[in-house]
Amino acid sequence: MATIPAIPEIATLTASESGFVLPAATIAGAPVRTQDTRDGAQNATPIFNASTGATIGWQAHADASLVDAAVRAAHAALPAWRATTAAERGKLLKKIAELIDADRARLTAMQMQVSGKPPIEADIDVSDAAATFDYYAGLCLDAHAFAPEALALPDDTVTGERFYEAVGVAALIVPWNFPMVTTAWKIAPALAAGCTVVLKPSEFTSPVEHMLAEIINEAGLPDGVVNLVNGGGEVGALLTAHPLVDKISFTGSTASGKKVMQAAAQDMKRVTLELGGKSALIVRADADIERAVTLAVGGAFTNAGQMCSATARILVHDDVYRKFMAAFETAVRAIVVGPPQSANVAMGPLVCAAQRARVQALVEQGVQAGASVAFSGSLDHACADGFFMAPMVIAEPSVDNLLWTDEVFGPVACVKSFRTDEEAITLANDTRYGLVATVVSADREAARRYKTQLRAGLVWINTPQLIFPQICWGGLGLSGIGRELGLAGLRSYQELRHALADVG
Ligand code: NDP
């Protein structure tokens with residue numbers, strides 16, 4: 001914590017502005033400054049430009065009283081919001097999707113600043129967020145998703161129906177790697193279901209969520225339906241312990257997810273946990289090697305490898321191993337790493353100095369334990385400041401090396417060879433995570449067998465990491481509990497209820 005220097009406070013951010021202070025919270029549509037509640041004493045953390053390391057602003061932190069006020073605002077707004085029709089909520093969600101799209105330039109620019117994302121990746125995130133609100137706007141018009149359903153019963157003296165009701169107040173806690181996207185995946189279905197929410201963004205990327213919350217409120221939502229509290233893990237913990245929170249949807253590390261689950265147990269709060277991964281990409285002997293390399297680069301180095309879905313364990317059939325490695329090396333060495341403004345940039349920095357230090361320390365530990373770096377990309381003078389790290393490939397680590405077993409969450413991929421499909425599946429499934437997997441093969445039948453045998457929430461066959469709001473997202477084992485997106489994402493903010501009535 002530090003004391004904020006004397007710089008102006010602003011409510012509406014533009015990417016070029018520097019020296020802003022984010023309010024500690026936005027409650028019932030109004031920003032709450034810390035001096036409003038704390039007599040001028042402001043606790044805050046800096047917000048960095050990830051490509052330069054420069055402090056571009058500050059984020060004031062909420063305290064227990066502000067977290068309580070935000071949850072109470074959501075609780076107070078709940079009865080009226082829950083009583084709106086799905087069609088009314090859908091109209092507002094549609095409006096949010098349109099406003100996000102209209103504000104694309106500003107949202108893209110801010111993401112490029114705080115995350116250092118290349119323009120194309122920042123733009124895709126805006127499109128994904130808008131598409132998610134649009135999808136749930138459409139689902140609000142789907143009678144099957146909301147209308148009560150009659151039950152077929154073996155007793156004709158009673159009728160029965162099944163219906164869904166909003167869970168209540170939802171605490172939404174998100175990480176920094178895809179701030180707009182993970183937030184949209186939670187807020188859109190929560191609002192569609194009739195829940196009110198309190199969002200806690202990551203302290204590294206909160207300006208993006210601040211903008212999104214402004215857009216959401218601009219769409220005309222009643223005060224208190226969407227609230228935001230800023231701060232670190234301690235603010236998240238206050239939210240998860242609050243007795244008026246009915247549902248927690250958390251995306252983050254498995255370690256934090258365990259704490260969230262423990263906190264939720266106290267009041268039997270409903271939980272959805274989207275956690276880490278250590279996923280595999282399998283290149284069969286019949287694979288198109290050019291395509292396999294493209295998918296391997298995308299799966300390991302998109303967002304500088306800071307993806308829960310990173311397919312950073314690459315398994316390559318012996319027969320094509322040398323060919324794959326040669327082409328992979330050419331592709332990795334050609335990755336242009338740099339600030340978002342650089343020409344042809346394909347990979348940005350890591351989000352902050354601590355994250356880069358963490359990744360570098362894991363690489364050092366892995367190498368000390370016997371892993372060897374096969375090749376890596378390079379950094380030029382444009383990467384002198386900021387939190388850059390060159391992409392790196394480890395060849396043939398042992399199966400107990402931490403670079404093979406642990407989530408690195410940075411631009412580090414491991415490659416191992418295999419001889420049979422059974423061996424590839426055994427190696428791919430030898431993890432307590434189970435988020436995603438990719439198979440590259442010209443043999444559709446063989447790929448289909450992988451689909452059923454790989455233990456992962458989502459399997460891509462010969463495609464990049466496509467995610468549509470219509471599918472469901474979530475993992476097995478340590479990768480989490482529950483599903484986001486799709487109808488299941490809506491249901492995760494609803495309680496399933498039944499009523500039986502005497503026909504007489
Ligand atoms: P963390 O688990 O550290 O943090 C995630 C969020 O939870 C942040 O907002 C954080 O606050 C907050 N938080 C931390 N501790 C607690 C707590 N005890 N109670 C409540 N909230 C808490 O993860 P990172 O932000 O470092 O994100 C990286 C991790 O997230 C990776 O392991 C990655 O795999 C996973 N992830 C999973 C995804 C999925 O869909 N499965 C998608 C994206 C990421 P703050 O950071 O501000 O301190």
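## A buried tryptophan and its partners

At 4% relative accessibility, Trp-460 counts as buried, because the limit for that class is under 20% relative accessible area. The model described here is predicted, and values such as this one are computed from it. Trp-473 likewise has a relative accessibility of 4% and therefore counts as buried. Trp-185, too, is buried.

The rings of Trp-185 and Trp-473 have their centres 5.7 Å apart, and because their planes meet at 65°, the pair is edge-to-face. This pair links distant parts of the chain, since Trp-185 belongs to helix α7 (residues 179-193), whereas Trp-473 sits in the loop between β19 (458-461) and β20 (480-481), 288 residues apart. Trp-473 also forms an aromatic pair with Trp-460, and this one is tilted, with 6.3 Å from centre to centre and 40° between the planes. Trp-460 lies in strand β19 and Trp-473 in the loop between β19 and β20, so this second pair ties together parts that are 13 residues apart in sequence.

## Other aromatic contacts

In total, the structure holds eight aromatic pairs. Elsewhere in the model, four phenylalanines, Phe-301, Phe-324, Phe-328 and Phe-375, form one aromatic cluster.

Aromatic rings also meet arginine side chains. Arg-313 lies over the face of Trp-404, at 5.2 Å from the ring centre, while Arg-491 lies over the face of Tyr-164, at 3.6 Å from the ring centre.

## The surroundings of the ligand

The ligand is surrounded by 29 residues, of which the closest are Val-174, Ser-253, Ser-256, Leu-275 and Glu-407. Sorted by class, this shell has 13 nonpolar, eleven polar and five charged residues. Among the elements that contribute to the shell, α9 (233-241), β11 (247-251) and α10 (254-265) each supply at least two residues.

Leu-275 places a backbone N or O atom 2.4 Å from a nitrogen atom of the ligand, and a polar side-chain atom of Ser-253 lies 2.6 Å from an oxygen atom of the ligand. For Gly-231, a backbone N or O atom is found 3.4 Å from an oxygen atom of the ligand. As for the ligand's surface, on its own the ligand has 900 Å² of accessible area, and the protein covers 88% of this.

Methods: Residues numbered from 1 in each chain as written. Predicted model: local features only at pLDDT ≥ 70, side-chain atom pairs only at ≥ 80, totals over all residues. Heavy atoms only, no water. Phe/Tyr/Trp six-rings, centres within 6.5 Å; stacked < 30°, edge-to-face > 60°. Helix = DSSP H or I, 4+ residues; strand = E, 2+ residues; numbered from the N terminus. Buried < 20%, exposed > 50% of the residue type's maximum accessible area, 1.4 Å probe, protein only. Lys NZ or Arg CZ within 6 Å of the ring centre and 35° of its normal. Near = heavy atom within 4 Å. Polar contact = N/O pair within 3.5 Å; in protein donor to acceptor, adjacent residues only side chain to side chain. Areas by Shrake-Rupley, 256 points an atom, 1.4 Å probe, with all protein chains shown as cover. Nonpolar A, V, L, I, M, F, W, Y, C, P; charged D, E, K, R; others polar.
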